[in-house]
Amino acid sequence: MSLTKKRIRMVAAASLTILGLIYLYKAMVAPAVILSSSQLANAVEEQRQLPPTEDLEQRNLRIAYEAQNAQLQQQRQELLRTKEQLAHLEEQVRSLQASTPRKYPKVKYLNYKNRKRILITGGAGFVGSHLVDQLMIQGHEIIVVDNFFTGRKRNVEHWLGHENFELIHHDIVNPLFIEIDEIYHLASPASPPHYMYNPVKTIKTNTMGTINVLGLAKRVMAKVLIASTSEVYGDPQVHPQPETYWGHVNPIGPRACYDEGKRVSETLSYAYAKQEKVQVRVARIFNTYGPRMHMNDGRVVSNFILQALRNETITVYGNGKQTRSFQYVSDLVDGLIALMASNYTQPVNLGNPVEQTIEEFAKIIKHLVGGTSEVKQIKAMEDDPQRRKPDITRAKKRLNWEPKVPLETGLLQTISYFRNELARSDRFQENSRKYFESPDLQRSRL
């Protein structure tokens with residue numbers, strides 16, 4: 001018992017000794033640690049106050065860079081705010097336009113018995129858009145189908161939103177299912193550069209597209225007018241060309257995709273008429289000019305007017321002795337409508353029987369435009385027809401139609417249109433140049 005007590009006392013004494021040593025250690029070391037932390041803080045503060053290691057030039061460059069960077073950040077923020085304000089203003093303008101009734105050309109009212117639903121393929125093109133205008137003014141419901149390869153929405157934008165007008169973005173090579181009473185099939189590129197650009201597509205438009213149109217006419221029992229061309233006569237050996245002339249066409253030449261495509265289109269039309277009892281009308285259209293022509297379509301009228309307006313050399317292919325006849329677009333539209341309304345089913349020439357050489361025509365353009373352009377002959381084009389003049393006896397007799405607009409009157413209207421288009425194009429290019437060269441745009445890309 002005594003031995004156990006001794007051991008307990010020894011353990012208790014050792015424990016007290018250890019506790020004492022720990023207390024003495026804390027009392028001596030803690031002030032030193034606190035002092036070290038305080039000294040460390042003072043050392044850091046002193047380090048901050050030491051002179052910088054960079055020299056004066058580096059310091060100035062750094063300050064300038066920081067100032068420029070801050071300025072750029074401020075300009076970016078201003079540009080973003082400006083863009084937001086512009087977007088808000090555009091939205092307000094669109095809202096205002098939507099709430100403001102549009103002004104359309106005056107349209108005749110027709111009751112449901114007399115009003116027709118008329119489909120115009122290629123209706124946003126040069127001829128098609130003028131046909132749209134005339135039929136809309138007469139009071140009919142018009143459906144325009146166009147793939148916009150050569151057509152432009154701007155040609156029919158003045159009818160957008162009208163209750164009698166509908167625009168469908170569609171390629172007639174693909175089938176179309178709608179309900180209509182009449183069809184004007186004008187879909188096809190018509191100028192050499194356009195139809196030569198994709199000859200296979202040109203052939204498909206004039207074959208498969210025509211099959212789709214005729215199939216639609218068969219299904220809904222609609223009357224259909226096929227817009228053919230004087231190119232079906234090729235380089236004619238009969239002059240002037242009557243509808244009974246079979247033509248003189250190179251089936252493998254550069255123009256064949258268009259010439260033969262239109263010939264097949266006519267063949268299909270009369271096959272459907274004979275087999276399926278489809279009511280068909282075929283118009284063989286000769287050279288036509290007027291507003292809304294493509295400026296760069298490569299045709300005689302547009303080429304000569306553009307070159308004269310730009311004071312460039314007026315280029316005549318070949319010796320200039322080849323002949324053409326030119327009709328104004330409003331005369332053609334009157335002829336198309338008269339043919340559709342008639343009971344005559346055979347092909348009809350629609351053109352101007354007044355014939356002129358290309359060289360004479362170039363001089364007329366130069367005289368009307370003015371300027372300093374010269375007329376120059378260059379290499380002739382392959383398979384370029386040497387003579388082209390329609391015999392319109394059939395149109396006079398069956399349709400009571402012939403051209404009325406004098407050449408000079410029509411050319412002055414066309415020249416005015418081209419002059420405005422050139423000015424518009426120049427303004428667009430100048431505005432685009434200013435935009436892409438603006439300092440704000442360049443900074444926003446950084």
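Which helix gives the largest share of the lining of the second largest pocket? Select helix α6 (residues 256-276): four of the lining residues come from there. Before going on, note that this is a predicted model, where local features need pLDDT of at least 70, side-chain atom pairs count only at pLDDT 80 or more, and totals for chains, interfaces and linings use all residues. Residues are numbered from 1 along each chain as its sequence is written, and side-chain values use heavy atoms, leaving out hydrogens and water.

Stay with the pocket and show E243, Y245, W246, E266 and R284, which lie nearest its centre among 13 lining residues. About 300 Å³ of space sits in there.

Next, select T414 in helix α11 (residues 407-436). T414 has a relative accessible area of 0%, so call it buried (under 20%; exposed is over 50%, partly exposed in between, with a 1.4 Å probe and protein chains only). Leaving aside residues up to four places away in sequence, T414 touches Y289, G290, P291, V301, I305 and Y328 (contact means heavy atoms within 4.5 Å).

Now jump to N147, in the loop between β2 (141-146) and β3 (165-169). N147 is partly exposed, because its relative accessibility is 31%. Its contacts, again skipping residues up to four places away in sequence, are H169, H170, D171 and K201. Draw a distance from N147 to G122, 25 residues apart along the chain: their C-alpha atoms are separated by 7.6 Å.

Last stop: M381, in the loop between β13 (375-378) and α10 (393-399). M381 is partly exposed too, at 33% relative accessible area.

Definitions and conventions:
Helix = DSSP H or I, 4+ residues; strand = E, 2+ residues; numbered from the N terminus. 1 Å grid on protein atoms, 1.4 Å probe; cavity = no way out; pocket = protein on both sides within 12 Å on 5 of 7 lines; lining within 4 Å. Points joined across faces, edges and corners; volume = space filled by probe spheres on them.
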